[in-house]
Number of protein chains: 2
Amino acid sequence: MENLIELFGISDDLVPQKFKKGHILQSQGDVNSNAYLVKNGLLRSYTIDQKGKEHVFMFAPEDWIISDIESQEFHHPAELYIECLEDSELIILNRKHLASVELNSQQYQQRLNKLSRRIAVLQRRMIGMMSSTAQERYEEFLVYYPNLVGRISQRMIASYLGITPEALSKIRGQIAKNS
Amino acid sequence: MENLIELFGISDDLVPQKFKKGHILQSQGDVNSNAYLVKNGLLRSYTIDQKGKEHVFMFAPEDWIISDIESQEFHHPAELYIECLEDSELIILNRKHLASVELNSQQYQQRLNKLSRRIAVLQRRMIGMMSSTAQERYEEFLVYYPNLVGRISQRMIASYLGITPEALSKIRGQIAKNS
């Protein structure tokens, strides 16, 4: 919470709101200027392709911020659904509100840094999707999300990795055998 | 050039430097705090996987900025090579230099906006890689890079799309037939 005040220079509207497991905060096609900071719980964002297949874009456990940047920043229809995978307490960050706040240089630098980190995560994930094996991607997933394995289904992890649940099961067997 | 002064608040060190086609500005493993703004010419960034196969991460024609954010912002060894695909004139933006400049809020907002746009491009590309057909990805490529088709090889476009040159050739045939 303190970080947030430091980062955005705001202390109002910071009361966490509670949402139930399964609640959809945003659907594909919505224009939504909110980003969600997870105080407790777990969110995911995902897309559904033209054949009706789901693809997990990211997970957001405690202290992560999740949004569809196209919608949040540029008012385009969102590509991503955002869903509560557990009962969650969220701080809703609204762009219009944030834009009206006068920040000092240190706060601006922190925001620039936060955006750069997000680019770095996406860059690494994109490079991984192009050039790493599924096993390497799974090992990277474990580093990024060390506490998620017991909290989400194998099906969702497989969807995040872009592989079938059967392929993930094989990889997990392989890692267990080698360790 | 004016945009750059506006954006970064600097006017020194902005003399473009010339590089020949084929020049490698950065290799995988380098720690490089530079970003490159293309005045004239064309760059690409790419990675090489453990089997020695190249994967194009992005192209940067005129007015684009290209860097490896892991290396530029966080001093990690770069994942990406950056190469001149044509003789190019580049403005080299150095992070250490940029960090020392005092910006006003409008300049900060412009930088935040620029980073947000980069996240949006990466988000869309990542979603496309997960959930779009190769033909949809090629059509999106044509929108992002409208003037590149004649300037780069089919092999490189295929590598950017994550498909074989043969598959790209089929898609182009299909599009030609339908138009």
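Two residues are in contact here if their C-beta atoms, placed from the backbone, lie within 7 Å. Helices (H or I, at least four residues) and strands (E, at least two) are DSSP runs, numbered from the N terminus. This is a predicted model, in which local features need pLDDT of at least 70 and side-chain atom pairs count only at pLDDT 80 or more, while totals for chains, interfaces and linings use all residues. Residues are numbered from 1 along each chain as its sequence is written, and chains are lettered from A and ligands numbered from 1 in the order in which they are written.

**View 1. Helix 6 of chain B and what covers its buried residues.** Take a look at residues 154-161 of chain B, which make up helix 6. Its buried residues (20 or more other C-beta atoms within 10 Å of their own; exposed means 12 or fewer, partly exposed in between, with C-beta atoms placed from the backbone) are Ile157(B), Ala158(B), Ser159(B), Tyr160(B) and Leu161(B). The cover over them includes strand 5, helix 5 and helix 7 of chain B. Just past the end of helix 6 of chain B, Gly162(B) has a positive phi of about 75°.

**View 2. Helix 5 of chain B crossing helix 7 of chain B.** The axes of helix 5 (residues 134-144) and helix 7 (residues 165-178) of chain B come within 10 Å and cross at roughly 75°. Axes are lines fitted to C-alpha atoms, for helices over the stretch in contact, with angles from 0 to 180 degrees between N-to-C directions. The two helices of chain B are therefore roughly perpendicular (65 to 115 degrees; under 35 is roughly parallel, over 145 roughly antiparallel, and the rest oblique). On the helix 5 side you'll find Ala134(B), Gln135(B) and Tyr138(B), which meet Ala167(B), Leu168(B), Ile171(B) and Gln174(B) of helix 7. That makes 5 nonpolar, 2 polar and no charged residues (Ala, Val, Leu, Ile, Met, Phe, Trp, Tyr, Cys and Pro count as nonpolar, Asp, Glu, Lys and Arg as charged, and the others, Gly among them, as polar).

**View 3. The side of chain B that touches chain A.** Here 27 residues of chain B are in contact with 27 residues of chain A. Strand 5 (54-60), helix 2 (69-74) and helix 4 (105-131) of chain B each give two or more residues to this side, and helix 4 of chain B has the largest share, with 17 residues. By class, the side counts 13 nonpolar, 6 polar and 8 charged residues. A rotation of 180° with 0.0 Å of shift along its axis superposes chain B on chain A, at an RMSD of 0.0 Å (least squares on the C-alpha atoms of residues with pLDDT of at least 70 in both). That is how a two-fold axis relates copies. Since 100% of the interface residues of chain B are also interface residues in chain A, the copies meet through the same surface.

**View 4. The hairpin of strands 4 and 5 in chain A.** Strand 4 (residues 43-48) and strand 5 of chain A pair in the antiparallel sense over 6 bridges (pairing takes at least two DSSP bridges). Tyr46(A) has Val56(A) of strand 5 as its bridge partner. Between the strands sit 5 residues, and Gly52(A) in the turn has a positive phi of about 85°. Strand 5 (residues 54-60) of chain A is mostly covered, with 5 of its 7 residues buried.
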